[in-house]
Amino acid sequence: MPDMKNIAVFPGSFDPITKGHVAVINRAVPLFDQLIIAIGDNADKKHMFPVEKRKKWIEDIFKNEPKITVEIYNGLTVEFCKKTGAKFILRGLRTSADFEFERSIAQVNRRLAPEVDTLFILTEAKYTPVSSSIVRDIIRNGGDISEFVPEEVQL
Ligand code: ADP
């Protein structure tokens with residue numbers, strides 16, 4: 001099937017996107033025809049930044065990368081994959097705690113949708129301690145986040 005595109009979804013909250021996310025995305029781009037960065041908009045999850053703002057930052061960061069699109073979704077990630085024709089879910093792995101968490105999600109997703117596979121990229125060593133929640137903590141306490149987020153993330 002020559003016109004079957006190889007599409008991956010990178011789901012997350014991206015509240016806000018960090019340099020750790022960006023490093024994973026940049027390494028994934030050559031592997032796929034299209035990479036959809038999918039911002040999960042779950043009503044029950046508390047967030048710091050409005051979803052449209054999170055989307056705009058990511059679009060700005062990747063404005064010169066035609067393979068990347070940014071979308072907002074709610075509901076199950078595997079349902080979003082089916083809707084978009086994505087055969088892969090991309091996730092980043094930092095630590096063994098990430099691994100255990102991601103393992104159960106990936107295994108359950110596979111039960112729900114056997115045609116979708118989850119692929120993991122190990123984070124760059126220097127970004128292992130970086131997380132959106134730590135960035136939010138720094139913001140709340142008036143610290144400087146410029147080392148941890150791309151310059152497009154302007155509060
Ligand atoms: P979620 O709320 O789904 O965990 P996040 O935005 O926190 O959403 O994370 C999205 C994905 O990015 C996850 O796979 C997460 O493991 C990965 N990730 C988060 N921070 C980093 C980082 N510093 N380096 C590599 N991957 C990361």
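**Figure 1. Aspartate 60 and its salt bridge with lysine 56 in the predicted model.** Aspartate 60 has a relative accessible area of 24% and is partly exposed in this predicted model. Its salt-bridge partner is lysine 56, and the closest N and O atoms of the two side chains are 3.0 Å apart. Lysine 56 is likewise partly exposed, with a relative accessible area of 45%. Both residues belong to helix H2, where 4 residues, or about one turn of the helix, separate them. An α-helix has 3.6 residues a turn, so residues three or four places apart point the same way.

**Figure 2. Lysine 55 and glutamate 59 in helix H2.** A salt bridge joins lysine 55 to glutamate 59, with 3.1 Å between the closest N and O atoms. Helix H2 covers residues 51-61 and contains both partners, which are 4 residues apart, about one turn of the helix. Side chains of opposite charge can pair when their charged atoms come close.

**Figure 3. Lysine 82 and glutamate 79 in helix H3.** The salt bridge between lysine 82 and glutamate 79 has its closest N and O atoms 3.5 Å apart. The two residues are 3 residues apart in helix H3 (residues 77-84), so about one helical turn separates them. Lysine 82 is partly exposed, with a relative accessible area of 40%. Glutamate 79, at 41% relative accessibility, also counts as partly exposed. Elsewhere, salt bridges with shared partners join Asp15, Arg54 and Arg136 into one network. In total, the structure holds 10 salt bridges.

Figure 4. Arginine 54 lies in helix H2. With a relative accessible area of 3%, arginine 54 is buried, because residues under 20% are placed in that class. A polar atom of the arginine 54 side chain lies 2.8 Å from the backbone oxygen of phenylalanine 49.

**Figure 5. Aromatic pairs formed by phenylalanine residues.** The structure contains 4 aromatic pairs. In one of them, the rings of phenylalanine 10 and phenylalanine 14 have their centres 5.4 Å apart and their planes at 65°; the pair is therefore edge-to-face, since planes over 60 degrees apart are classed in this way. Phenylalanine 10 is buried, at 4% relative accessibility. Phenylalanine 14 is buried too, with a relative accessible area of 2%. Another pair consists of phenylalanine 32 and phenylalanine 88, whose ring centres are 5.7 Å apart; with the planes at 45°, this pair is tilted. Phenylalanine 32 is in the loop between H1 and strand S2 (34-40), whereas phenylalanine 88 is in strand S4, so the pair ties together parts that are 56 residues apart in sequence. Phenylalanine 32 counts as buried at 5% relative accessibility, while phenylalanine 88 counts as partly exposed at 23%.

**Figure 6. Helix H1 and its surroundings.** Of the 10 residues of H1, 7 are buried, so the helix is largely enclosed by the rest of the structure. The buried residues are Gly20, His21, Val22, Ala23, Val24, Ile25 and Ala28. At the start of H1, the backbone nitrogen of glycine 20 has a side-chain oxygen of threonine 18 within 3.2 Å.

**Figure 7. The largest pocket and its lining.** Several elements each supply at least two lining residues: strand S1 (7-12), helix H1 (19-28), strand S4 (88-93), helix H4 (96-112) and helix H5 (132-140). H4 provides the largest share, with 7 residues. Sorted by class, the lining has 14 nonpolar, 17 polar and 10 charged residues. Rolling a probe the size of a water molecule over the atoms shows where empty space is left.

Terms used
Residues are numbered from 1 along each chain as its sequence is written. This is a predicted model: local features need pLDDT of at least 70, side-chain atom pairs count only at pLDDT 80 or more; totals for chains, interfaces and linings use all residues. Side-chain values use heavy atoms; hydrogens and water are left out. Ala, Val, Leu, Ile, Met, Phe, Trp, Tyr, Cys and Pro count as nonpolar, Asp, Glu, Lys and Arg as charged, and the others, Gly among them, as polar. Buried means under 20% relative accessible area, exposed over 50%, partly exposed in between (1.4 Å probe, protein chains only). A polar contact is a pair of N or O atoms within 3.5 Å; within protein, one must be able to donate a hydrogen and the other to accept it, and residues adjacent in sequence count only if both atoms are side-chain atoms. A salt bridge is a side-chain nitrogen of Lys or Arg within 4 Å of a carboxyl oxygen of Asp or Glu. Rings of Phe, Tyr and Trp (its six-membered ring) pair if their centres lie within 6.5 Å; planes under 30 degrees apart count as stacked, over 60 as edge-to-face and the rest as tilted.
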